[in-house]
Every structure is written in C-alpha cells, then in structure tokens.
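Thanks for passing this one along. Here are my notes, as numbered points, to read beside the model.

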Amino acid sequence: MIDETNAAFLKESLKKENSKNWYAHYHMGLVYYIEGRYKKAKKELEKSLSLAKNAWAFHALSCVCLMQNKTELASKYIVKGIKMRQSDHSYLKEGFKILSLCGANQALCEFYESMDVEKKEISRIRFYYIRALHHLGKDKKAYELLEQNGGLEMEDIREGEDSIAQLWSQLYQNLYGEKTQIPYKYNFKA
C-alpha cells in the first residue's frame, strides 16, 4: 500500500537506515513512477542498481523510459533484466511485452532465438516472437509458426483480447491478398 504516509516514511528512511538499501530505493522509485515524477523515479531506480544489480530496477527503469517515449533505452533496460531472470517465466512474458511495446522487434527476435526450447514454447512469448517477425516483414515464417501444430493456443489469453485475431488477420491478408473470417480458435471477442 502506497499512500502519502508510507511514501513520506520511506523517503525519510532513505536519509538514515535505508540509505544503502537497494530495495528501499527501488520502492521509492516506484512511488515516484506512480506519481508521474519520472526524473525522480529514474534517479531512485538508478540508485537501487548502484547498490545491487537487480532485475526489478531494470524493469521499472524500462517502464519509466517507455512512459517518456524513450523506447530504445527502455528496451536496453528490459533486456538486461531479462538476462538476469531468464528462468522466471512471468518476468520473461513481461519483458517480451515491453520489447514489443517498444517496437524492438529485432532485439526481441534475437533474444527469443537464443533461448532454450522450453522457454520458446511459452505461448505468450511465442506470440510476441511471431508478431515481431510480422513487424519485420517476415510474414510467411510468422504465419507458419502461428499455424504450426494446429495453431498457437495462448494459455493466458482473456475474453475480449483480440491480439492474436488481429495478427492472424494481418498475416492472412498480407500473404493471400484478401480478408476472410477469423478462425474460431483465434476469436476471443466477447
């Protein structure tokens, strides 16, 4: 819970007992991020990293940069974080989402292609890879991967999410020159 009291207490503690605590500086960075004070957030997150290299500060820094439209820097930060948390599937999914939001398609593809087979099979990560291939103009390969083994089935897709439907539709139209009905397996509109 972050409110004015907690934020003030945390800020005050950074002058004394938490001055060398990476986690406290990380949380102060989050407070500033939530408040939209991105320069202060960045300063605290960089302090957190100077005290201890940690994937969480890299993630938060990438989010700060993303909010400031500094997508190249955001993608560099999140790649550093991903490298530190490669066995954390949740972090990988979030990292790939940020790379996708940044339009860092080449970096996303390179990272995906360097991963082991188990991680490549995580459906959400595979989706971001296929979408990156599409954005790089590799529609044939993207479509083949999307349709492989009966079609990509994302285990974490929610009702109403149309990301996979849009991707399929764009790929199909680019490859076959026509629009057609989206296959049922990709249609999650409410």
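**Notes on the model**

1. Let me start with a loop: Asn-149 sits between helix H10 (139-147) and helix H11 (163-176). Helices here are DSSP runs of H or I with at least four residues, strands are runs of E with at least two, and both are numbered from the N terminus. Asn-149 is not a glycine, yet its phi is positive, about 55°. Asn-149 is also exposed, with a relative accessible area of 76% (buried means under 20%, exposed over 50%, partly exposed in between, with a 1.4 Å probe and protein chains only).

2. A word on the basis: this is a predicted model, where local features need pLDDT of at least 70 and side-chain atom pairs count only at pLDDT 80 or more, while totals for chains, interfaces and linings use all residues. Residues are numbered from 1 along each chain as its sequence is written, and side-chain values use heavy atoms, with hydrogens and water left out.

3. Asn-69 is another non-glycine residue with a positive phi, near 60°. Its loop lies between H4 and helix H5 (71-84), and Asn-69 is exposed at a relative accessible area of 66%.

4. On the overall fold, the chain has 11 helices and 0 strands. Its C-alpha atoms fill a box of roughly 65 × 35 × 25 Å along the principal axes. Of the 190 residues, 43% count as buried. Contacts (heavy atoms within 4.5 Å) with a separation of 6 or more come 52% from residues 24 or more positions apart.

5. Which residues touch the most other members of the largest nonpolar core? They are Ile-82, Phe-96, Ile-130, Leu-146 and Ile-164, in a core of 58 residues. Helix H4 (residues 55-67) gives the largest share of this core, 9 residues. A nonpolar core is a set of buried Ala, Val, Leu, Ile, Met, Phe, Trp, Tyr and Cys residues joined through side-chain atoms within 4.5 Å. Leaving aside residues up to four places away in sequence, Phe-96 touches Ile-82, Leu-108, Phe-111, Tyr-112, Met-115, Ile-125 and Tyr-128.

6. Cys-65 is buried, at a relative accessible area of 0%, and Cys-109 is buried at 3%.
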